[in-house]
Amino acid sequence: LCVGELGQRLLDVQTSIASAAPDQRAARIAGAPGQVDVRALVAVALEAASEAGAVAVSIFEGKLPGFNTGVPDFRRCLGNCTVTMRSAMQKLHGATAALHSGDTQVARTLAMRSAADVSSCTVSCRELNGDVRLIVVQSLTEFTKMLQIAVSFISKMKPLPPSAPARTATP
């Protein structure tokens, strides 16, 4: 699956979760609450965001050939997005780590901040044209879309119960 198809599938699952009643057979088939591992869906959305973000970071760091950095519109885009995308990716990785540790509030906050970083980058790249615009804007849009889906799913998650303190053996 490409990121775009995954995004639509996650949106479909999210719609099913939001509209499903537990006693409806069709809702159970579609993935009613209690039958869908929301934590796994968040992990998939964050992974898809990471993949889309990696493409954008590669472009902004000059790792993909064929992008003319001498064009003024692209220079402006690069000037804003090189640091911004790196920061957004760090926040995304922090959100993933927070999710693994069970801190859904921190995961949600970091994912939202990552999306906000990328939105400023998207604005600075809106003047691009041609294939460059298509590739850059598509990567940024998919990144943001996946983060929005992850935030939405995180909001539906129940916090994990706090883990019991580790026992120490007494000699």
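Asp 117 is found in helix H5, where helices are DSSP runs of H or I of at least four residues, strands are runs of E of at least two, and both are numbered from the N terminus. The structure is a predicted model, in which local features need pLDDT of at least 70 and side-chain atom pairs count only at pLDDT 80 or more, whereas totals for chains, interfaces and linings use all residues. Residues are numbered from 1 along each chain as its sequence is written, and side-chain values use heavy atoms, with hydrogens and water left out.

With a relative accessible area of 16%, Asp 117 is buried, a term for residues under 20% relative accessible area, as against exposed (over 50%) and partly exposed (in between), computed with a 1.4 Å probe on protein chains only. When residues up to four places away in sequence are not counted, Asp 117 touches Thr 84, Ser 87, Ala 88 and Lys 91, contact being defined as heavy atoms within 4.5 Å.

The protein chain contains six helices and zero strands, and its elements follow the order α-α-α-α-α-α from the N terminus on. Of the 171 residues in the protein chain, 40% are buried. Among contacts between residues at least 6 apart in sequence, 74% join residues at least 24 apart.

Helix H5 (residues 104-124) packs against helix H6 (residues 130-156) at an angle of about 155°, with the two axes 9 Å apart; the axes are lines fitted to C-alpha atoms, for helices over the stretch in contact, and angles run from 0 to 180 degrees between N-to-C directions. That angle makes H5 roughly antiparallel to H6, given that angles over 145 degrees count as roughly antiparallel, under 35 as roughly parallel, 65 to 115 as roughly perpendicular and the rest as oblique. The residues of H5 in this contact include Ala 111, Ala 115 and Val 118, and those of H6 include Phe 143, Leu 147 and Ile 154. By class, the contact of H5 with H6 has eleven nonpolar, five polar and one charged residues, where Ala, Val, Leu, Ile, Met, Phe, Trp, Tyr, Cys and Pro count as nonpolar, Asp, Glu, Lys and Arg as charged, and the others, Gly among them, as polar.

For helix H4 (residues 72-101) and H6, the axes come within 13 Å and cross at roughly 25°, and the two helices are therefore roughly parallel to each other. Phe 74, Cys 77, Met 85, Ala 88, Met 89 and Leu 92 of H4 meet Val 132, Val 136, Leu 140, Phe 143 and Leu 147 of H6. The residues of this contact divide into eleven nonpolar, no polar and no charged.
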